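Please study the sequence and the three-dimensional structure shown here before reading on. The explanation is written for a reader who is new to such models.

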Amino acid sequence: MKLRKVDWLFVLFAVAVVVGVSLLPTPKDRNPMIPATPEHRDVTVEKGCVQCHQAGGAKPVPDRHPKRQDCLRCHARS
């Protein structure tokens, strides 16, 4: 079976789309990293984050921050 020129162009376009999408940054890449401070080194679960970053805490998260409790899913250690 012989492929036509339009078939090769489609295959080339599909490969280019797959490669292009795989090179896009993930949302985790754009999030700030967890600082390497002594306070943050001891945090291993999200409950440790909420102690300081809740409303009224030492450094509350901004209002535009998602209301989630799984901090380590988006923020990587530095």
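The paragraphs below treat confidence, the surface, charged pairs, the pocket and distances along the chain.

The structure is a predicted model. The protein chain has a mean pLDDT of 87, and 99% of its residues reach 70 or more.

Is leucine 3 buried or exposed, or does it fall in between? Leucine 3 counts as partly exposed because its relative accessibility is 37%, and this class covers values between the 20% limit for buried residues and the 50% limit for exposed ones.

Charged side chains come next. Side chains of opposite charge can pair when their charged atoms come close. How many salt bridges are counted in this model? The count comes to two. In one of them, the side chains of arginine 4 and aspartate 7 meet, with an N to O distance of 3.6 Å. Arginine 4 is exposed, since its relative accessible area is 54%, while aspartate 7, at 24%, is partly exposed. Another salt bridge joins the side chains of aspartate 70 and arginine 73, at 3.9 Å from N to O. Here aspartate 70 is partly exposed, with a relative accessibility of 24%, and arginine 73 is exposed, with a relative accessible area of 57%.

The largest pocket has a volume of about 950 Å³. Its lining consists of 28 residues, and those nearest its centre are His53, Val61, His65, Cys71 and His75. Two or more residues of this lining are given by helix H4 (46–53) and by helix H5 (71–74). Which helix gives the largest share of the lining? That share, three residues, comes from H4.

Valine 61, one of the residues nearest the centre of the pocket, is found in the loop between H4 and H5. Valine 61 is partly exposed, as its relative accessible area is 36%. Along the sequence, valine 61 and valine 50 are 11 residues apart, and their C-alpha atoms are 9.4 Å apart in space.

Glutamate 46 belongs to helix H4 and is partly exposed, with a relative accessible area of 22%. Between glutamate 46 and valine 21 there are 25 residues of separation along the chain, and 31 Å between their C-alpha atoms. Arginine 30 is exposed because its relative accessible area is 58%, a value over the 50% limit. Arginine 30 and valine 45 are 15 residues apart in sequence, and 21 Å separates their C-alpha atoms.

Notes: Residues numbered from 1 in each chain as written. Predicted model: local features only at pLDDT ≥ 70, side-chain atom pairs only at ≥ 80, totals over all residues. Heavy atoms only, no water. Buried < 20%, exposed > 50% of the residue type's maximum accessible area, 1.4 Å probe, protein only. pLDDT = per-residue confidence, 0-100. 1 Å grid on protein atoms, 1.4 Å probe; cavity = no way out; pocket = protein on both sides within 12 Å on 5 of 7 lines; lining within 4 Å. Points joined across faces, edges and corners; volume = space filled by probe spheres on them. Helix = DSSP H or I, 4+ residues; strand = E, 2+ residues; numbered from the N terminus. Salt bridge = Lys/Arg side-chain N within 4 Å of Asp/Glu carboxyl O.
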